[in-house]
Amino acid sequence: MSSNQQQQEDDEGDGDNKVQKVDLLLSSMERISQYGPIRLILASQSPRRREILDMMGLQGRYHVQPSPLDETALQIQLAEDNNEEGGILPKRYTNILAESKARALVESDQLTLASMVTGNDDTGAPSGSSSNASETSIKQITTFVLGSDTIVDLNGTILEKPNCKAHAVEMLRKLSGSWHEVHTGVSIYRVDYSITDDTTNGTSNTSISSELVSSFTDTTRVKFGTLGKEDVRAYVETGEPMDKAGSYGIQGVGGQLVERIEGDFFTVMGLPMHRLSMELAKALSNTP
């Protein structure tokens, strides 16, 4: 059998056993770099999301720039909307927050041309220098801005980060012995910069455009074991729950609370790795 025939069979399958091939970031990851023509910004200060990107092989290839969004104000507004009849469902709630985080950075003056054009140009020459005799040079930079938000959903009730130890204990007791859902919303904006430098008169012209290229919510079901009071108190005293939705971290000490899960482990941790890989690969495939 020829390699072409084998590839055709792999792609097509037969009948009900047809397998849909997925494209992942693995084969195009080298296109992303901190100072190259295609860049990635994580609009979050979450160490867990940075850890996931690093685990994907993106370490040293992306920037971290927390979103300027007033998240508390938006959460209050969404909570008010959610109290109305036919309010916002938890999945939509986290998706709105993810989009808002990314969009706030895209639209802010924190995402400046100066910060995005530092480093070397595509020829390896320092920025501002000319590697040839032309009097006009054009630099194009595409930046993907990644926003994300994670919440715990207990029977339709949204559990955010606890505001104190007693609040954390209360959340964990509610989760004890039951199933809940963890929703992670992800949003990717594409920002295109075109910079034309006229070395004759020292001027430059810039054009900027942005668009939302991906927005989704991934859900994983999580089952807690039945927790004793002492274990709950001991876990809260570690301090780990205090900056985490639902008052636990599955990737840390809190993993002991989890009996089993259905879905992507990394969704609970803060970024659905497989789906994110697919969406970044798709965004890159549409980028020259």
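Predicted model: local features only at pLDDT ≥ 70, side-chain atom pairs only at ≥ 80, totals over all residues.
**Exercise 1. Sort the named residues of helix H7 (residues 229-237) into buried and exposed, and say how they are arranged around the axis.**

Solution. Step 1: the buried residues include Val-232, Tyr-235 and Val-236. These three lie on the same side of H7, because they cover an arc of only 100° around the axis.

Step 1: the general rule for such a pattern is that an α-helix has 3.6 residues a turn, so residues three or four places apart point the same way.

Step 2: Glu-230, Asp-231 and Glu-237 are exposed, on the other side of H7.

Step 3: look for what covers the buried residues of H7; helix H6 (165-175) is included.

Step 4: after H7 comes Gly-239, which has a positive phi, near 85°.

**Exercise 2. Trace the pairing of strand S6 (residues 203-224) with strand S5 (residues 179-198) and with strand S7 (residues 258-262).**

Solution. Step 1: S5 and S6 run antiparallel and are joined by 20 bridges.

Step 1: four residues lie between S5 and S6, and the two strands form a hairpin. In its turn, Gly-202 has a positive phi of about 70°.

Step 2: S6 is also joined to S7, by four bridges, and this pair is antiparallel too. Here Phe-224 stands opposite Val-258 in S7.

**Exercise 3. Describe the largest pocket by its volume, its lining residues and their classes.**

Solution. Step 1: the volume of the largest pocket is about 790 Å³.

Step 1: 34 residues line the largest pocket, and nearest its centre are Glu-71, Lys-101, Asp-149, Lys-161 and Asp-243.

Step 2: elements that each supply at least two lining residues are helix H2 (47-58), H3, strand S3 (136-154), strand S4 (157-159), H6 and helix H8 (265-269).

Step 3: sorted by class, the lining has 14 nonpolar, eleven polar and nine charged residues.

Note on methods: Residues numbered from 1 in each chain as written. Heavy atoms only, no water. Pairing = 2+ DSSP bridges. Buried < 20%, exposed > 50% of the residue type's maximum accessible area, 1.4 Å probe, protein only. Arc of directions from axis to C-beta. Contact = heavy atoms within 4.5 Å. 1 Å grid on protein atoms, 1.4 Å probe; cavity = no way out; pocket = protein on both sides within 12 Å on 5 of 7 lines; lining within 4 Å. Points joined across faces, edges and corners; volume = space filled by probe spheres on them. Nonpolar A, V, L, I, M, F, W, Y, C, P; charged D, E, K, R; others polar.
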